[in-house]
Amino acid sequence: MMMGYSSAPIGARENSEKDVISREAQSPTATRERPQEEPATANVKMRAGDLRAFFGKAEVIKGISLPFPENKVTAIIGPSGCGKSTFIRCLNRMHEVVPGARAAGEVLLDSDDIYAMDPVRLRRRVGMVFQKPNPFPTMSIRGNVLAGLKLNGIRPDDPDGLAEKTLRQVALWDEVKDGLGRSGMSLSGGQQQRLCIARTLAMEPEVILMDEPCSALDPIATARVEELIHELQKQYTIVIVTHNMQQAARVAQYTAFFYMGELVEHDETNVIFTRPAQARTEDYITGRFG
Amino acid sequence: MNGIRSSYVYRRAVDRAVRAACVLAAIVALVPLFLVLYYVTVRGIGGLNWAFFTELPKPVGEAGGGAANAIVGSIQLVGLACLFGIPLGVLAGVFLAEFGQSFFGRMVRFAADVMAGVPSVTIGIFIYALVVLPTKQFSAYAGGLALAVIMLPTVTRTTEELLKLVPEALREAALGLGVPQWRTTLWVMLRTAAPGVATGIMLAVARVAGETAPLLFTSFNNRFWARGLNEPISSLPVQIYTYAVSPYEDWHRQAWAAALVLVSLVLFLNVAARVLVRNRVRSR
Amino acid sequence: MGRLHTDREYEAELGSLLERVLFMGARVEEQLVAALRAYSLQDFAVAEEVVDSDNQIDRLELEIDQACIQLLARRQPVASDLRFVTTTLKVVTDLERIGDLATNICERVIELEGTPTSIRPKIIIEMGESARNMLHDAMDALVAGDVRKAQEILARDREIDEKYASLFPVIAQQMCADPAVVDQLMRTLSVGKYIERIADHATNLAEMVIFMVEGRDVRHLEAAEAAPRKERLN
């Protein structure tokens, strides 16, 4: 004698059961209305206020407001084409370098409006690391690290000391100290990326933007860079765009989910990955996307 | 089964035939080059002696003499051409690479392409009218200017094309470091493209070093040392021309020698440029 | 936007896990019903059957635990899937305990074989029914993801606790009145204890359902605090 439960009979499972559970999670009656507040104690280093971005007439970012707490890592996740790369490029005004592109809205860095600043000065305070490692091929390793300063005509007091310091910060020093004169291109992919991070650090920025920094790297190199991010966040505020959700879960304290140019949800990473408030977030991170 | 087999045999045969044809064509293409080198060397080597390199031409009828002034003159003319032509050409190339999509940019590109096809004698006449007539004399300046105008389109287009080949990622990297736009273009993009640009420049210089027609109207010729750049100056191509059409056997011999020197100079320039650029890249 | 996982195999794995949990729940409920019947009818044959079937329940627990761990390792589930898998781990523990308790009831019944069958307090039969209903409703709530239903179960546990507490004076009095049946009465008390524990486990199941659906961990809270947020009046 089998006990049947009030829903589907055992053995003749329909899709309904699992659906029902998820449906319940999404239905209005079950949605937890957790207010999405900023952590009251953290200082906000950078803040986007109703940011919009356009390529010509097309509006790619449709009014996003997002705080970036100081000395924390904020991850931005979302499917391809949701605007995360465009958004992060607005934060250091790289977006407008593309012909026909413009941005509107407000972005504050420590209460300074970045659109009222000289973009060159802004980019020295807000550094960027790109998806594909891009060391300068005509320069040596040492040259690459100091490139930002050199190209700006800044003479550091102790160039060798600075080079060593930043290379140690990115855990590259021991690997390259005997060959600083070698071309930057002679390193492996993971090493090149760390070199690019060192190059950014030499400018002593306050915020570091990372646009999918590990997507071109193998798992071990990725792990090294993630470890580096853990270290770096003690001194810098980090914003990282990633299409790898597990990476966001590993490195970031806060996660924002973008979809089609809009901010769907922003909260502590723990919350996003255990009980997201929005159905779309839930669907995306569990892999229920169309 | 047979159908497949025979088509395989057929295809292999066709492949071999086409390959042979390509190799043959390449050889045929290279033949003139080697013939020229061979001929010039064989005919000219006899005329090379110390006097050739150090002495001025002797008066008509006298045997001996050299082409020292022609050699120096050629170097001076090419030097002037580089002085005028390279900075202008490179910057124009940079302009085209950065702003070439605008209407003005497209006009400039079109003009450069047209200029590349203008016969060099026309350019000589143009400089004659522009510079020689008003100053009422032939000069090295005029000659250098004419050569520069010939160099310009090649340098411009080469610079533009090579700049476009530099990955955008490098520009982004530099901009991301807070490097201003102009510095990024010059010190990063151009620097990366430098080896290719240098090659392009060397090609332009090599072409220009052997130009004869424009020099006929601008720098003319000088059987003595030019006392300044404001005077007519001798040059190897013009000297070769003058001697070659003359009836004197001795001058013919000297013409061959001068031709050998000219070809060697151009060869040397090419090789030197390549080597220098490669070393510079490695040492950084 | 789809409601199913893009990866069909993953979807199937999750579905299969749920099926197994429901099957285990059904088996445990069967055991409980049989145990209660064995008790009320003093049916020793049924009691033996129940005791013998317990290892099936234990095996199910092992299988489901194994499946959960593999899912966690291979799929790294997040959000609702994560909550589902981790609560399943706990749910099968509670189910297995209920199975054990049903077995314990039957063991007491077997021990009472041959003795006069006069002492079967009605209250225990009532408690048994309640506990069985709580278990049934908890499994219903699990399948349906019904938080309200789970909520109600939490309140019923109190009733059973009260009934169990009320058992003591009754039994004590009977023991004083008739010392010959102390043995039976002690065993009866044990059965009451088991049923009360079964109700506790069913309550745990209900709490797990709430966590699985809403992500709220309501264990060890007062019933009022555990009410759905929507209903709480400020």
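In this predicted model, chain A and chain B bury about 1,900 Å² between them, with 62% of that area on carbon and sulfur atoms. Of the area that chain A buries against chain B, 32% is supplied by F136(A), T138(A) and L151(A), more than by any other three residues. The contact involves 26 residues of chain A and 18 residues of chain B. Across this interface the rule finds one salt bridge, and E172(B) is paired with R89(A) in a salt bridge whose closest N and O atoms are 2.8 Å apart.

| Salt bridge | N to O distance |
|---|---|
| E172(B) and R89(A) | 2.8 Å |
| E164(A) and R168(A) | 2.9 Å |
| D81(C) and R288(A) | 3.1 Å |
| E111(C) and R187(C) | 2.5 Å |

D81(C) and R288(A) form a salt bridge; D81(C) lies in helix α3 (residues 79-111) of chain C and R288(A) in the segment after α11 (279-286) of chain A, so the pair joins two chains. Both of these residues, D81(C) and R288(A), are buried.

Within chain C, E111(C) and R187(C) form a salt bridge, and this pair links distant parts of the chain, since E111(C) belongs to helix α3 and R187(C) to helix α6, 76 residues apart. E111(C) is partly exposed, its relative accessible area being 39%, and R187(C) also counts as partly exposed, at 23% relative accessibility. Helix α6 of chain C, residues 182-214, has 33 residues and reaches 48 Å from its first C-alpha to its last, close to the 48 Å expected at 1.5 Å a residue. After α6(C) comes G215(C), whose phi is positive, near 80°.

In chain A, E164(A) and R168(A) both lie in helix α5 (residues 159-169), four residues apart, about one turn of the helix. An α-helix has 3.6 residues a turn, so residues three or four places apart point the same way. The side chains of E164(A) and R168(A) meet in a salt bridge; E164(A) counts as partly exposed because its relative accessibility is 26%, and R168(A) counts as partly exposed at 46%.

Chain B contains a network of salt bridges that links R109(B), D113(B), R157(B), E160(B), E161(B) and K164(B). A nonpolar surface patch of about 570 Å² is made by F103(B), F104(B), M107(B), F110(B) and V114(B). Of these residues, M107(B) lies in helix α4 (residues 103-117) of chain B and counts as partly exposed, at 40% relative accessibility.

Notes. Residues numbered from 1 in each chain as written. Chains lettered and ligands numbered in written order. Predicted model: local features only at pLDDT ≥ 70, side-chain atom pairs only at ≥ 80, totals over all residues. Heavy atoms only, no water. Expected span 1.5 Å × (residues − 1). Patch = residues over 30% accessible without salt bridge, like charges linked within 9 Å, V, L, I, M, F, W, Y side chains within 5 Å. Areas by Shrake-Rupley, 256 points an atom, 1.4 Å probe, with all protein chains shown as cover. Salt bridge = Lys/Arg side-chain N within 4 Å of Asp/Glu carboxyl O. Buried < 20%, exposed > 50% of the residue type's maximum accessible area, 1.4 Å probe, protein only. Contact = heavy atoms within 4.5 Å. Buried area = accessible area lost by both parts, 1.4 Å probe.
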